[in-house]
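This report describes contacts between side chains in one protein. Please look through the sequence and the model before reading on.

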Amino acid sequence: MPRSEFIQVLTDRGFINQMSDPEGLDAACADGMVTGYIGFDCTAASLHVGSLVQILLLHWMQETGHRPIALMGGGTTKIGDPSGRDAQRQLLTPEKIAENKAGIFKVFDRLLNFSDTGNGAITVDNAEWLDSLAYVPFLRDVGRHFSVNRMLTFDSVKLRLDREQPLSFLEFNYMVLQAYDFVELNRRYGCQLQMGGSDQWGNIVSGIDLGRRIIGAELYGLTSALITTASGAKMGKTADGAVWLNSEFTSPYDFWQFWRNTEDADVERFLKLFTKLPLDEVARLAALQGAEINEAKKILANEVTALIHGREASDAAAATAQTTFEAGGLAEGLPTVEVPKADLDAGIGVLSAFVLAGLATSNSEARRAIQGGGARINDDRVEDDKRVLGAADLSGDVIKLSLGRKKHALLRAV
């Protein structure tokens with residue numbers, strides 16, 4: 001039975017995969033405020049759903065009285081983490097990294113409290129110390145503590161080599177820099193804990209070892225399991241691509257719909273991990289059977305969307321879904337693509353319309369959907385793949401397009 005509320009919450013909700021020293025970390029969290037961090041490289045302008053467990057680890061850390069650090073990897077992004085990759089990441093310009101960092105911060109600003117007192121969260125960029133390192137002194141002072149033999153056994157390296165994929169010397173340095181981040185954060189902020197996904201375990205252990213060797217620090221590591229769905233799919237990936245946390249890349253409606261489509265077997269686990277609902281309420285919802293499980297999925301979608309986009313956006317997405325799926329109506333909250341009124345007056349081929357709306361990736365895919373009876377215009381089945389849409393198809397100033405039961409969009413004349 002954990003002594004600390006933080007470890008108890010993570011245990012009860014299923015976050016924990018590994019801990020370097022479970023008793024020591026639990027005791028430290030029970031005896032006072034612990035500072036812990038997770039690093040996020042700035043490889044895109046938004047994080048996706050696959051990163052949500054890590055963000056919520058920081059959130060729960062603060063909720064239980066500890067101080068979280070969201071480390072922006074402005075420096076390590078210039079190297080590229082080889083974990084889970086078969087090829088080197090694209091090298092980004094400093095300007096692009098700065099742009100991505102600004103986009104990533106948006107979700108932290110919603111889920112963490114960056115106040116100046118108590119356990120207020122901290123955000124810092126590791127470029128502050130990595131960019132100014134002198135190469136030879138760094139090799140002498142830090143590099144000498146790393147065994148290449150041991151580094152070759154880490155999954156981030158071993159799996160790449162086992163698949164006979166090249167690993168650049170640039171990437172091979174990544175784990176050294178990440179370990180140094182832990183040491184630097186301990187020096188600057190008294191940081192004792194590094195958290196991350198299970199693919200980061202080797203890097204985290206290296207940081208713990210480096211801290212002990214260089215500054216005699218007692219450091220801890222904690223990982224969460226990489227989340228897959230009950231069917232084995234990678235969390236946050238769909239046939240249409242990643243599900244992003246920023247609304248400009250994935251709309252609140254599409255985000256809501258992603259969670260509404262959760263597999264039955266994942267409902268209880270996802271309610272524990274991705275919402276703040278009390279565990280007795282989670283148990284009640286998980287016990288629902290048959291068609292009633294859909295109500296639990298709606299609550300899951302409502303709660304996660306409210307966490308990331310706010311309650312107003314969540315309620316609007318839920319209302320849009322109800323209008324679209326249950327009432328068969330025309331919901332203004334659906335994903336919308338604007339088209340010039342002149343183009344509609346001239347006529348838009350139905351295949352092109354589905355591609356333009358983002359419901360199909362090609363004319364061939366749209367044609368197959370029509371031939372299979374799965375395409376609709378304004379809720380009427382499309383029978384002719386040579387049909388041309390025009391001004392007469394407008395309902396007000398929009399045309400509703402549907403592909404199957406779950407994919408809908410509007411074409412809006414402007």
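## Side-chain contacts

E268 and K272 are four residues apart in helix 13, about one turn of the helix. Helices (H or I, at least four residues) and strands (E, at least two) are DSSP runs, numbered from the N terminus. This is a predicted model: local features need pLDDT of at least 70, side-chain atom pairs count only at pLDDT 80 or more, and totals for chains, interfaces and linings use all residues. Residues are numbered from 1 along each chain as its sequence is written, and side-chain values use heavy atoms, with hydrogens and water left out.

The predictor's confidence in each residue is called pLDDT and runs from 0 to 100. Its mean for the protein is 87, and 92% of the residues reach 70 or more. Confidence is lowest in strand 7 (residues 237-238), with a mean of 63, and highest in helix 1 (residues 5-13), at 98.

Side chains of opposite charge can pair when their charged atoms come close. A salt bridge is a side-chain nitrogen of Lys or Arg within 4 Å of a carboxyl oxygen of Asp or Glu. The structure holds 20 salt bridges, including the following.

| Salt bridge | Distance, N to O |
|---|---|
| E63 and K276 | 3.0 Å |
| E268 and K272 | 3.9 Å |
| R284 and E281 | 2.8 Å |

R284 and E281 are three residues apart in helix 14, so about one helical turn separates them. Salt bridges with shared partners also join E128, E184, R187 and R188 into one network.

In the salt bridge of E63 and K276, distant parts of the chain are linked: E63 belongs to helix 3 (residues 52-63), and K276 to the loop between helix 13 (267-274) and helix 14 (279-286), 213 residues apart. The charged end of K276 also sits over the ring of W60, 5.7 Å from its centre; this requires NZ of Lys or CZ of Arg within 6 Å of the ring centre and within 35 degrees of the ring normal.

Rings of Phe, Tyr and Trp (its six-membered ring) pair if their centres lie within 6.5 Å; planes under 30 degrees apart count as stacked, over 60 as edge-to-face and the rest as tilted. The whole structure contains 10 aromatic pairs. One of them, F40 with F108, is edge-to-face, at 4.9 Å centre to centre and 65 degrees between the planes. F40 lies in strand 2 (residues 35-41) and F108 in helix 4 (residues 94-111), so the pair ties together parts 68 residues apart in sequence. Ring pairs also link F255, F258, W259, F270 and F274 into a cluster.
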